Amino acid sequence: MIKKDDIYKLAELAKLSIHEDELEVYEEKLNRAIESLEKIKEVNTDNVEITYNVNQMKNPLREDIVRESLSQNEVLKNTVEEQYGYFKILKVMD
Amino acid sequence: MRYKTIIGLEIHVELMTKTKIFCSCTNEFGGEVNTHCCPVCLGLPGAMPILNKAVLEYAMKAGIAFNCNIARNTKMDRKNYFYSDLVKGYQISQDDIPLCEGGYIEIESKEGPKKVHLNRIHIEEDTGKSVHTEDGDTLLDYNRAGVPLIEIVSKPEMNSAEEARLFLEKLRATLKYIEVSDCKMEEGSLRCDININIVDMETGNKTNITEIKNLNSFRAAVKAIEHEEKRHIDLLKEGKNSEKETRRWDEVQGETIIMRQKGGAADYRFAVDGDILPIEISEEWIEEIKNSLPELPHDKKQRFIREYGLTEYDAEVLTQSRDIALFYEDTVKHIDDPKLVSNWIMGDVLRRLNDEDLEVDSLKFDSKALADLIKLVKDEKINNNTGKKVLRDMFETGKDPNSIVKEKGLIQISDQGELSSIVDKVLDDNQQSIEDYKNGKDRAVGYLMGQIMKATRGKANPQLVNKMLVEKLESR
Amino acid sequence: MDIINLSGWEMREKLLNKEISSREIVKSHLDRIDKVEENINAFITIDKEKALKDADMVDEKIKNGENVGILAGIPIGIKDNIITKDFRTTAGSKMLENFTPIYDATVVKKVKENDGIILGKTNLDEFAMGGTTQSSYFGPTKNPLDETKIPGGSSGGSAAAIAAKEVALSLGSDTGGSIRIPASYCGIVGIKPTYGLVSRYGLISLSNSLDQIGVFGKDVRDAVLMLNAVSGHDSMDTTSINNDIKLDIESLVDSLKGMKIGLPKEYLDLEMDPKVKEEMDKAINILKDGGAIIEEVSLPNIKYANEAYNIIVCGDASSNMARFDGIRYGYRAADYETLDELYIKSRTEAFGDEVKKRILLGTYLLSGQRGDEYYKKAQKVRTLIINDFNDIFSKYDTIICPTATNLPFNLGGSRPSKYYNYNEAINLAGLCSISIPTSKGDGLSVGLQIIGDRFKESNIIKAALAYEGMVK
């Protein structure tokens, strides 16, 4: 069972804010979801290998050859604020 | 010793591959902002990472050089955290199966050789850089995002700032030797974090570990360790303890300053990156990498002692960096006198480089020029003091020593006849000194030598003159 | 002749025979869009001018006697979680409402190289998280077969656009049924190819080891045409296979004589809508009449597929969604005082409820030591499920089951929980699968799912072509 405090902690990790009004809904939804996953614990997986990926190609690595990068205009195309070719965040206190 | 210092180091090193770790953008340092970027290293939606083969090879080289075990099967994981210079909200790194495990770096500590063991070396991507403007805005440049890094984690086995310095120097020298990184701290291609605490050997009390960041040089690391050692010991003496915290070294204040408290362990929610298939490393590949490695510093040092008859100390100094060793060997090729060459390089050349914090590759003259200079001295064409003056000139102008000697007319006067008449003239002019000599005042010889050197503008062959002077004094 | 009633391959034939022009094909579909789109809402973005310009270029090529690609002149819809250069790509989210990509997904490049005409970007559940196409920031899509019903999801827009004759072909993506379910609900053909057959480069990731781009068509032949256009190795996606498998449709037109088909008892035990049950029984008989040998088989671990799937998808999604922080692209909150506030406000304001729920659940499942307890456990259960399928495919050519055990429900509703399915197991095992309508009746449609071993698309296409021939 996760509690309201846990939800705040999860939200902090995920950079989301949960409004007080929604808290109960999330608590209920998340607990139901977590509960529904418990069944997986009954499977015996001793000595079972992990499947990271169904495709088993060996080391599809890239050769170390330089290709052209994007132009600065393209890089910055979708940002809200930019200055001197940089992405910009306004007056942020750390 | 009542208080024992315990130091562990975490070192991030940028690899000097041609391209970034997961895309084909250039891995060159600098460049106009946000021009070494593509959908992959910008973390644009839909873009997929493709691991650079050279990154594995460079990291394996480091692992082999530091005696690590290389994993036969490994994978890439996501380390999840938010920061503005991190484009995907996670860094692709390695969690439970690092590429290299174990290993050690051997240092020459005061008590003799000491092995400092490593936990691991893993590969990961670097982040972008942020700049803060005077207005308080943050500007972001992602040219560095996706630059390949290795993170080297030592065990907490160093017990003094000096040992940490030796460890770092050995580490840097080795990585430069095997050409996996240029290790330029000023460009951020070598970054070091320190974990330090103190044990009171009498009571068994330990201080909490402090992490120190923002170290821009090995010198800063040494000063920071010394500062923290004292701070921790003072706390222990007062019956207090240090906080679990991250501090930053302030070069100007000469002290460490708190950055943040360390709460519980950070929750990075590691999970495998599903876009990168598991990595398999064959015996053959490891063998191939082993064979491609150049001679390592330790082996080179032993060879220098054997081949050139150098002392342990001289060989150690000359093999500190691959460039110095190379410069030494090249010079010896031009003038077959290993001991003499060692004296010149260890003395005047390295002293000057150290004074000015320069590397061998910034010298304006080459090994051939240095050999020519040593030859001039060895053949007694110029005397030792003049040799040093010529070397200074070479440092400034990069001119060839023969031309300097010629232009300035510095060739030593060894002609018996010429010297004889100069000595006679000086004696004639200094009757008082002759008398002093007769009265047993040895100082007179020194004075007369000085007068002769003055008359020849330092060019007289000092051995010849000395011999001649004494003979002539006796016969007068 | 009404062009929009033709299948894609028929349009192409008539185009090459110079019976109709590409402009005529595109224009007729744009007219259709004008008529029905406001109601159906299959698209998020449409670019009519660009489509007509592209059509003229194909006509020009044909006029000059140049070779044209296999999609020449055919109107196509692209699911809006697939990146299109200089063409807004939103993933159905407020987060990307104003996002205009600077590169093309590999599949989009291939569509263009094959002279396909992209009419627009189709609607989906926000970031493909859902099975109804109701969670889109741009409103729900309606089922063209019955506008009171959902079209299924998450690729609901791509399926509805074909069913409503707004396009002839479309691309979707399938992480746990997102192509097959809408194909079934909208009465068209959908193929979820083997993991790795089609490049994912440019697909906005939900769950990297499960996501697969696939295709929709009015019939099997159309779907195969589209699949052949976009499949094959891509150096930008190292999880894509390193050879080019292309399907030769003519060689796959064959009888079912001797095909061994497995019918998993775990599916038969599921609760089904009576109509689905009835259609399924009929389909089994049709296949048997066609000469197929159908036997009951068992996939014992499939009952854990849903749990394993949810763990992997939410774990992956929580980190895949982390890049949307409002700094380099996407929605940025207007007011913020700290960096944290910039993240939190932007993400909270721009993500919908389902996305937030999955992010929180995924964050929970990976935090602390839970990564081993859940995520790694799920990846091991995945191995067991793969082994089950391997066993079956060592003896059988294909597996059949209903694509959905229920009929599409009303807009605004949610799936009754008694109607369970095992579609996610196909993605966990990386298999290929096709959904085709069981019959050509009026009203709501039922889908027959034919599943094949990895890279054995030829088997499922062969079965589907034969079945389709028998129910025409």
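Two strands count as paired when DSSP finds at least two bridges between them. I start there because that rule decides what belongs to the sheet I want to show you. Keep in mind throughout that this is a predicted model.

Let me begin with chain C. It has an open sheet of 11 strands, with mixed pairing. Reading across, the order is β1-β3-β2-β4-β6-β5-β10-β11-β9-β7-β8. Which strands are at the edges? They are β1, residues 43-46, and β8, residues 293-297, both of chain C, and each of them pairs on one side only. From one strand to the next, the twist averages 25 degrees.

A helix also packs on this sheet: α10 of chain C, residues 274-289. The strands that α10 touches are β7 (260-264), β8, β9 (398-402) and β11 (447-452), again in chain C. The direction of α10 makes about 130 degrees with that of β8(C).

For one pair inside the sheet, look at β2 and β4 of chain C. Strand β2 covers residues 75-79 and strand β4 covers residues 169-174, and the two run in the parallel sense, joined over three bridges. Within that chain, Gly77(C) has Ser170(C), in β4(C), as its bridge partner.

One residue of chain C is worth a stop. Lys53(C) sits in helix α3, residues 48-63. Is Lys53(C) buried, exposed or partly exposed? It is partly exposed, because 13 other C-beta atoms lie within 10 Å, and a residue needs 20 or more to be buried, or 12 or fewer to be exposed. From the C-alpha atom of Lys53(C) to that of Asn301(C), 248 residues away along the chain, the separation is 52 Å.

Now the contacts that chain C makes, starting with chain A. How many residues does each chain put in? Chain C gives 50 residues and chain A gives 40 residues. On the chain C side, the elements giving two or more residues are α11 (305-320), α12 (339-350), α13 (353-366) and α14 (370-393). Of these, α14(C) gives the most, with 11 residues. Sorted by class, the side of chain C that touches chain A has 23 nonpolar, 15 polar and 12 charged residues.

Next, the contact between chain C and chain B. This one takes 31 residues from chain C and 23 residues from chain B. Helices α11, α12, α13 and α14 of chain C each supply at least two residues to the side that touches chain B. Here α11(C) gives the most, with three residues. The classes on that side of chain C are 13 nonpolar, 12 polar and six charged residues.

That leaves chain B itself. Its secondary structure comes to 15 helices and 17 strands. The chain is divided into domain 1 (3-283), domain 2 (295-407) and domain 3 (416-475). How far apart are the C-alpha centres of domain 1 and domain 3 of chain B? They lie 65 Å apart.

On overall dimensions, the C-alpha atoms of chain B fill a box of roughly 95 × 55 × 55 Å along the principal axes. Chain B has a radius of gyration of 30 Å, whereas a compact globule of 476 residues would come in near 23 Å.

Of its 476 residues, 43% count as buried. And among contacts between residues at least 6 apart in sequence, 69% join residues at least 24 apart.

Conventions: Residues are numbered from 1 along each chain as its sequence is written. Chains are lettered from A and ligands numbered from 1 in the order in which they are written. This is a predicted model: local features need pLDDT of at least 70, side-chain atom pairs count only at pLDDT 80 or more; totals for chains, interfaces and linings use all residues. Helices (H or I, at least four residues) and strands (E, at least two) are DSSP runs, numbered from the N terminus. Axes are lines fitted to C-alpha atoms, for helices over the stretch in contact, and angles run from 0 to 180 degrees between N-to-C directions. Two residues are in contact if their C-beta atoms, placed from the backbone, lie within 7 Å. Ala, Val, Leu, Ile, Met, Phe, Trp, Tyr, Cys and Pro count as nonpolar, Asp, Glu, Lys and Arg as charged, and the others, Gly among them, as polar. Domain bounds come from an automatic or database domain assignment. The radius of gyration is taken over C-alpha atoms; the globule rule is 2.2 Å times the number of residues to the power 0.38.
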